[in-house]
Amino acid sequence: MGYLRQVHSPLPQTPPESGCLQVYERELDYLFATLQRMGANPREIEDLAQEVFVVLHRNWPTLDTSRPFRPYLFAIAFRVVCAHRRRRAREVPYAELE
């Protein structure tokens, strides 16, 4: 299950390491604010942001890098937060562990 729509015709792109690093440095504050607006727990925002960038890095070769990244980041963040909420809803907290 992917978090992004794939581009059918691959375009010449920069290596994932340098491109993702540039996006990370430029858009980290935006992503933190977005996750906060989506209602993510403040203690989990860093972990969720890391998961967003892992998905972005994994899908980098299929992205159209000529387009803005904020819509991509928002879409990934939305899906990551929704998946996180579904996981949390399935978890059953116990008072003590065995």
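The legends below describe an overview and several close-up views of a predicted model.

**Figure 1. Overview of the chain, with 3 helices and 0 strands.** Residues are numbered from 1 along each chain as its sequence is written, and side-chain values use heavy atoms, with hydrogens and water left out. Because the model is predicted, local features need pLDDT of at least 70 and side-chain atom pairs count only at pLDDT 80 or more, while totals for chains, interfaces and linings use all residues. From the N terminus on, the elements run α-α-α; helices (H or I, at least four residues) and strands (E, at least two) are DSSP runs, numbered from the N terminus. Of the 98 residues in the chain, 34% are buried. Buried means under 20% relative accessible area, exposed means over 50%, and partly exposed lies in between (1.4 Å probe, protein chains only). The accessible surface of the chain is about 7,100 Å², and carbon and sulfur atoms account for 54% of that surface; areas come from the Shrake-Rupley method with a 1.4 Å probe, and for residues only the protein chains shown count as cover. Among contacts (heavy atoms within 4.5 Å) between residues at least 6 apart in sequence, 74% join residues at least 24 apart.

**Figure 2. The salt-bridge network of Arg26, Glu27 and Arg70.** A salt bridge is a side-chain nitrogen of Lys or Arg within 4 Å of a carboxyl oxygen of Asp or Glu, and the whole structure has 3 of them. Glu27 meets Arg26 with an N to O distance of 3.5 Å. Glu27 also forms a salt bridge with Arg70, where the closest N and O atoms are 2.6 Å apart. Arg70 lies in helix H3 (residues 70–90) and Glu27 in helix H1 (residues 16–37), so this pair ties together parts 43 residues apart in sequence. Glu27 is buried, at 8% relative accessibility, whereas Arg70 is partly exposed, with a relative accessible area of 42%.

**Figure 3. The salt bridge between Glu44 and Arg88.** The closest N and O atoms of Glu44 and Arg88 are 3.3 Å apart. Glu44 sits in the loop between H1 and H2 and Arg88 in helix H3, so that the pair links distant parts of the chain, 44 residues apart. At 17% relative accessibility Glu44 counts as buried, while Arg88 is partly exposed at 44%.

**Figure 4. Asp64, a buried residue that has no salt bridge.** Asp64 is placed in the loop between H2 and H3. The nearest side chain of opposite charge is that of Arg67, 4.8 Å away; Lys and Arg count as positive and Asp and Glu as negative, while His and the chain ends are not counted. The side chains of Asp64 and Ser66 are joined by a polar contact of 2.6 Å. A polar contact is a pair of N or O atoms within 3.5 Å; within protein, one must be able to donate a hydrogen and the other to accept it, and residues adjacent in sequence count only if both atoms are side-chain atoms.

**Figure 5. Aromatic pairs, of which the whole structure has 3.** The ring centres of Tyr24 and Phe53 are 5.1 Å apart and the ring planes stand at 75°, so the pair is edge-to-face. Tyr24 lies in helix H1 and Phe53 in helix H2, so the pair ties together parts 29 residues apart in sequence. Tyr24 is partly exposed, with a relative accessible area of 38%, whereas Phe53 is buried at 10%. Phe69 and Tyr72 form a tilted pair, at 6.2 Å centre to centre and 55° between the planes. Rings of Phe, Tyr and Trp (its six-membered ring) pair if their centres lie within 6.5 Å; planes under 30 degrees apart count as stacked, over 60 as edge-to-face and the rest as tilted.

Figure 6. The C-alpha atoms of Leu28 and Phe53 are separated by 9.4 Å, and the two residues are 25 residues apart along the chain.

**Figure 7. Glu46 in helix H2 (residues 45–59).** Glu46 is exposed, with a relative accessible area of 58%. The C-alpha atoms of Glu46 and Phe32 are separated by 7.7 Å, with the residues 14 apart along the chain.
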